[in-house]
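Please read them with the structure open.

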Amino acid sequence: LTGAVFLNGRFTTPFGLLAPNQYDASLPMARMRHISIFHLIASGGCMIETASGQRREVRAGDVVLMPFAESHKLWSGDAPEMVATEEMFHQRPVEGIWSIEHGGGGAETRIVCGYIESSEFLFTPLFRSLPELLVEHTGEDKVGALIASTVREILTLADTASPGTQAMLGRLMELLFVELLRRHAGRMA
C-alpha cells in the first residue's frame, strides 16, 4: 500500500464540485496505476453522488471510501454549477497537499482527501466486493473511536508543515484503509 493526503478543502454553502475520473499530470496522484479515494468529513456536511448516480448525505465524522475512484460530485445547497476540482487546486505549505477554498459564503464544510494506491488489491475478492461508495461514521464503539482518533490526527497533520508530515499522513491513510476493509469484511461474515 502507498497512501497520502492530497487535498485540504474548505467549502461554504452553496458549493458544487466535480471530482475527475482521470487525473492529469499536474496533480499529485497522476503517477498512480490504481487509486482509491478517501474523503474525511471534518466539519459540516454535503451530498455525494457517484458516477452511477448513487447518492448519500455525509456529515462531520464520516469517512468516505471510493475504492474505484470514479468521477463524483460533492455539493451543499443550490450550487449554481458544478466546478471541476482540478481548476481550483492551490499548493499548500505541506508538500504534495493541495488546498481548495470555494463556495458561496454560508456554512462551512471541511473535507480532507487522501488516496491509497492498491494495485495488488484489485485482484482480491474482498476488494472486488466493496461497494462503489463505502461510508463509515466514526461512532462511539471501540473501533469507531480508533478511526476517529486516526482521522483527528490526519486533520491536525494536514494543517502543519513539520518535518515528516507526509510520511505520517501516508501511514495513517494506510491504517485507515485497512481498518475500513476489516469493518466491511466483519459485516459480510
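The points below go from the whole chain to single residues and pairs.

1. Basis. This is a predicted model, in which local features need pLDDT of at least 70 and side-chain atom pairs count only at pLDDT 80 or more, while totals for chains, interfaces and linings use all residues. Residues are numbered from 1 along each chain as its sequence is written, and side-chain values use heavy atoms, with hydrogens and water left out.

2. Overall make-up. The protein chain has three helices and twelve strands; helices (H or I, at least four residues) and strands (E, at least two) are DSSP runs numbered from the N terminus. Of its 189 residues, 49% are buried, where buried means under 20% relative accessible area, exposed over 50% and partly exposed in between (1.4 Å probe, protein chains only). The accessible surface of the chain is about 8900 Å², and carbon and sulfur atoms hold 53% of that surface. These areas come from the Shrake-Rupley method with a 1.4 Å probe, and for residues only the protein chains shown count as cover.

3. Contacts along the chain. A contact means heavy atoms within 4.5 Å. Among contacts in the protein chain with a separation of 6 or more, 80% are between residues 24 or more positions apart.

4. Strand β11. Nine of the ten residues of β11 (residues 108-117) are buried, so the strand is largely enclosed by the rest of the structure. Strands pair if DSSP finds at least two bridges between them. β1 runs antiparallel to β11, with ten bridges between them, and Asn-8 stands opposite Val-112 in β11. Strand β3 (residues 35-43) also pairs with β11 in the antiparallel sense, over eight bridges; here Phe-38 stands opposite Gly-114.

5. The cis peptide. Which residues does the cis peptide bond join? They are Thr-13 and Pro-14, and omega is about -10°. In general, most peptide bonds are trans. Pro-14 is in the loop between β1 (2-12) and β2 (15-19).

6. Ile-147. This residue is in helix α2 (residues 142-158). Is Ile-147 buried or exposed? Ile-147 counts as buried because its relative accessibility is 2%. Leaving aside neighbours within four places in sequence, Ile-147 is in contact with Val-63, Thr-138, Leu-176, Glu-179, Leu-180 and Arg-183.

7. Salt bridges. There are six in the structure, a salt bridge being a side-chain nitrogen of Lys or Arg within 4 Å of a carboxyl oxygen of Asp or Glu. One of them joins Arg-55 and Glu-49, with the closest N and O atoms 2.9 Å apart. Arg-55 is exposed at 53% relative accessible area, whereas Glu-49 is buried at 14%.

8. A bridge between distant parts. Glu-136 forms a salt bridge with Arg-187, at 2.5 Å between the closest N and O atoms. The pair links distant parts of the chain, with Glu-136 in strand β12 (residues 134-137) and Arg-187 in helix α3 (residues 165-188), 51 residues apart. Glu-136 is buried, at 5% relative accessibility.

9. Arg-171 and Glu-174 meet in a salt bridge of 3.1 Å, N to O. Because they are three residues apart in helix α3, about one helical turn separates them. Arg-171 is exposed at 53% and Glu-174 is buried at 12% relative accessible area.
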